[in-house]
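The sequence and structure come next, followed by notes on selected parts.

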Amino acid sequence: MQHEVSVAEEAGRPTAVVAAATTWPEFPTVWKGLLDEVWECLRAGGIHRGCPNVMLYLDDVPHVEVGVLLDRPCPLTGRVVR
């Protein structure tokens with residue numbers, strides 16, 4: 001099976017994420033809690049939907065950032081950062 005691959009530059013988009021270091025075996029049980037933490041913060045700021053979930057894998061440790069693409073400004077608290 002062949003797949004077509006293309007490379008494109010995209011403008012940066014604001015995100016709200018929680019960063020973490022984990023292991024690949026642990027990650028499947030960790031990511032949902034990180035995402036829940038972000039959504040709890042957003043709901044406290046009045047955002048209840050409209051922000052797609054994202055996960056960024058920074059390296060092979062893995063260091064990860066789990067969160068959402070923001071569609072409007074929101075105050076961020078706790079471990080949730082822009």
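## An aromatic cluster

Trp24 is partly exposed, with 40% relative accessible area. The model is predicted. It contains 3 aromatic pairs. In one of them, the ring centres of Trp24 and Phe27 are 6.1 Å apart and the ring planes stand at 75 degrees, so this pair is edge-to-face. Phe27 has a relative accessibility of 7% and counts as buried.

Trp24 also pairs with Tyr57: the ring centres are 5.8 Å apart and the planes are at 45 degrees, so this pair is tilted. Trp24 sits in the loop between strand 1 (15-21) and helix 1 (27-44), while Tyr57 belongs to strand 2 (residues 53-57), so the pair ties together parts that are 33 residues apart in sequence. Tyr57 is partly exposed, at 42% relative accessibility. Together, Trp24, Phe27 and Tyr57 make up one aromatic cluster.

How many strands form the open sheet, and in what order? There are 3 strands, in the order 1-3-2, and their pairing is antiparallel. Strand 1 and strand 2 are the edge strands, each of them pairing on one side only. On average, neighbouring strands of the sheet are turned by 20 degrees against each other, with direction ignored.

Strand 1 and strand 3 run antiparallel and are joined by 7 bridges. Val18 has Val66 in strand 3 as its bridge partner, and Ala20 has Val64 in strand 3. Strand 2 and strand 3 also run antiparallel, with 5 bridges joining them. Here Val54 stands opposite Gly67 of strand 3. A hairpin through 5 residues leads from strand 2 to strand 3.

## Helix 1 against the sheet

Helix 1 packs on the sheet and touches strand 1, strand 2 and strand 3. The direction of helix 1 makes about 40 degrees with that of strand 3. Strand 3 is mostly covered, with 5 of its 7 residues buried.

Leu35 is located in helix 1. Is Leu35 buried or exposed? The relative accessible area of Leu35 is 8%, so Leu35 is buried. Neighbours within four places in sequence aside, Leu35 is in contact with Asn53, Val66, Gly67 and Val68. Leu35 and Pro52 are 17 residues apart along the chain, and their C-alpha atoms are separated by 11 Å.

## The nonpolar core

The largest nonpolar core has 18 residues. Those with the most contacts inside this core are Ala16, Val38, Trp39, Leu42 and Val68. Strand 1, helix 1 and strand 3 (63-69) are the elements that give two or more residues to the core. Helix 1 provides the largest share, 7 residues.

With neighbours within four places in sequence left aside, Val68 is in contact with Pro14, Thr15 and Ala16, among others. Its contacts also include Leu35, Val38, Trp39 and Leu42. Further contacts of Val68 are Cys51, Pro52, Asn53 and Val54.

How many disulfides does a search of the whole structure find? The search finds 0. For Cys41, the closest cysteine sulfur is that of Cys74, at 5.4 Å, which is too far for a bond. A disulfide would need the two sulfur atoms to lie within 2.5 Å. Seen from Cys74, the closest cysteine sulfur is in Cys41, and the distance of 5.4 Å is again too far for a bond.

Both residues can also be described by their accessibility. Cys41 counts as buried, at 7% relative accessibility. Cys74 counts as buried too, at 13%.

Terms used: Residues are numbered from 1 along each chain as its sequence is written. This is a predicted model: local features need pLDDT of at least 70, side-chain atom pairs count only at pLDDT 80 or more; totals for chains, interfaces and linings use all residues. Side-chain values use heavy atoms; hydrogens and water are left out. Buried means under 20% relative accessible area, exposed over 50%, partly exposed in between (1.4 Å probe, protein chains only). Rings of Phe, Tyr and Trp (its six-membered ring) pair if their centres lie within 6.5 Å; planes under 30 degrees apart count as stacked, over 60 as edge-to-face and the rest as tilted. Helices (H or I, at least four residues) and strands (E, at least two) are DSSP runs, numbered from the N terminus. A nonpolar core is a set of buried Ala, Val, Leu, Ile, Met, Phe, Trp, Tyr and Cys residues joined through side-chain atoms within 4.5 Å. Contact means heavy atoms within 4.5 Å. Two strands pair if DSSP finds at least two bridges between them. Axes are lines fitted to C-alpha atoms, for helices over the stretch in contact, and angles run from 0 to 180 degrees between N-to-C directions.
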